[in-house]
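Reader: I would like to learn how to read a structural model. Could you take me through some of its features one by one?

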Amino acid sequence: MDGDVAVGVKRGSDELSMYSSSPNAMTANGSDSKKQRLDESPPSRVLHIRKLPSEVSETEVIALGLPFGKVTNILMLKGKNQAFLELGTEEAAMTMVNYYTAVTPQVRNTPVFIQYSNHKELKTDSALNQRAQAVLQAVSAVQDGSSPSSDPGVLDLAPPPSPVLRIIIDNMFYPVTLDVLQQIFSKFGTVMKIITFTKNNQFQALLQFSDPVNAQQAKLSLDGQNIYNSCCTLRIDFSKLVNLNVKYNNDKSRDYTRPDLPTGDGESANKDHSLLGTPSGALASYSSGGGYSSSLSLSQGGGAISPLSAAAAAAAAAGRVALSGSGVSGVLLASNLNEEMVTPQSLFTLFGVYGDVQRVKILYNKKDSALIQLSDGNQAQLAMSHLNGQKVFGKVMRVTLSKHQTVALPREGLDDQLLTKDFSGSPLHRFKKPGSKNFQNIFPPSATLHLSNVRDGLGEDDLRLLFSNGGGSVKAFKFFQDRKMSLIQMSSVEEAIQALMELHNYDMGGNHHLKVSFSKSTI
């Protein structure tokens, strides 16, 4: 990240002045000693955002904070290209700052810098800040599901006319799949149906939420944002339709409430019909049908793709983020499993890439289905978004949120088939340490795996042999400089998933257990 970034730093008390500030208050942090002193400052729910583009709107600044929790106040300093954003809780502000240490925040393709303020709350002059307050009131009303009562002359605050949005993608240099749209918009509510089509040489989509308020929130946050860096701009308005009629579930249309629909015309739902193909640097799973694996969390350094500027989708990949559905259960239902191959241990390892799995239960009367309990609802949503639709042991796995709040353990002596396992005390949880680097390395399943904790003396041939033993085919290999880490590329995402399940924590002798995770890179 740019050396100018001072995430976690508080500002001086002069920062709120609309007309004057000390010359040092707004400059980048210079010397290491100064930086070290400022880094010890306490967090605050007020964040200071610098280097904003001059034409930025209040809505775009608010959108930076939306995925992390309720935004309670905003102060724009347009002459200084700065803003202050107040979140509902200090925890939400900390989550936002921690996330943006891993992913550079962008507004209109411009990197911006976010840091703590030393003010515990914003006291704003309503006369000077009227427009910002009107926008904030609109957003708050959408978040609360109430109808805003602000001056309609400042902002159009009419009740949402429809749960259906019409989405036009401008500057479409990379293909935008139906699943990428689902991934982005589902952060604002339940996406029920999507239809994609081309009209006037433009890629368009109709997307139906379960509730018009969710559609309004998505429009407010995402309109004008770019899916990928400098391209694929979302233009969003309400459709005149209030209900979509979807006949087929394939790569052009999907009814998420009716998985039984045919694909139509003999086309496979897994087929990628995009003319442009997968962009350079994107993961192989990008075009896998049914999977919600999103390329939006890619390219946190380099590569062709950047996170969604509004961070609404990317924030989900940060884990432990206060999504709108954060009150949901942490239990998932995985179905259409290969019952001959799958075990509680293998599911623990795979779902453990996205959260700390507490318990796994393969259903006694339906052994192609399993309940997986993670630490919280955010981890469950993260795992679901990345793993639903992935091919595991030859079958396309379906992952949905379960109605169960917990996975019950069987009474002693009743689980003779070992279908239920408690992993709550496992030493293999990836996210039990706050601030662990594992939070920054959460990526969708890909054909390339990242290996770490490689034992001294183990060479490329040894690792190639180990990873091809399970029937997979190793396409490429690269050691990092210290030879304790490497990248290994399998011939498909499915092979990589299988290898991860079999070889994560593999004992290489000498108390060296191999660590395996999905990589954002290709070799």
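Author: We will go through a sheet, a helix, ring pairs and salt bridges in turn. A word on sources: this is a predicted model, in which local features need pLDDT of at least 70 and side-chain atom pairs count only at pLDDT 80 or more, while totals for chains, interfaces and linings use all residues. Residues are numbered from 1 along each chain as its sequence is written, and side-chain values use heavy atoms, with hydrogens and water left out.

Reader: In what order do the strands of the open sheet of four strands come?

Author: Strands of a sheet pair through backbone hydrogen bonds, either parallel or antiparallel. Two strands count as paired if DSSP finds at least two bridges between them; strands (E, at least two residues) and helices (H or I, at least four) are DSSP runs numbered from the N terminus. Here the order is S21-S22-S20-S23, with antiparallel pairing. Strand S21 (474-479) and strand S23 (515-518) are the edges, each pairing on one side only. From one strand to the next, the twist averages 20°.

Reader: How many bridges join S21 to strand S22?

Author: Five bridges join S21 to S22 (residues 486-490), and the two run antiparallel. Lys478 stands opposite Leu487 in S22.

Reader: Which strands does helix H9 lie across?

Author: Axes are lines fitted to C-alpha atoms, for helices over the stretch in contact (heavy atoms within 4.5 Å). Angles run from 0 to 180 degrees between N-to-C directions. Helix H9 (residues 460-468) lies across S20, S21, S22 and S23, at about 145° to S21.

Reader: How many residues of helix H10 are buried?

Author: Buried means under 20% relative accessible area, exposed means over 50%, and partly exposed is in between (1.4 Å probe, protein chains only). Helix H10 (residues 493-503) is mostly covered, with eight of its 11 residues buried. Among them are Val493, Ile497, Leu500 and Met501. The cover over the buried residues of H10 includes H7, H9 and S22. After H10 comes Asn505, whose phi is positive, near 70°.

Reader: Now the rings. How many aromatic pairs are there?

Author: Rings of Phe, Tyr and Trp (its six-membered ring) pair if their centres lie within 6.5 Å; planes under 30 degrees apart count as stacked, over 60 as edge-to-face and the rest as tilted. By this rule there are three aromatic pairs. Phe185 and Phe209 make a tilted one, 6.5 Å centre to centre with 55° between the planes. Phe185 lies in helix H5 (residues 178-185) and Phe209 in strand S9 (residues 202-209), so the pair ties together parts 24 residues apart in sequence. Both Phe185 and Phe209 are buried. Phe348 and Phe423 form a stacked pair, 4.1 Å centre to centre and 10° between the planes.

Reader: And how many salt bridges does a search of the whole structure find?

Author: A salt bridge is a side-chain nitrogen of Lys or Arg within 4 Å of a carboxyl oxygen of Asp or Glu. The search finds 10 salt bridges. In one of them, the side chains of Asp237 and Arg166 meet at 3.0 Å, N to O. Asp237 lies in strand S11 (residues 231-238) and Arg166 in strand S7 (residues 164-170), so this pair ties together parts 71 residues apart in sequence.

Reader: Are Arg254 and Asp179 buried or exposed?

Author: Arg254 and Asp179 are both buried. They form a salt bridge, with the closest N and O atoms 3.4 Å apart.
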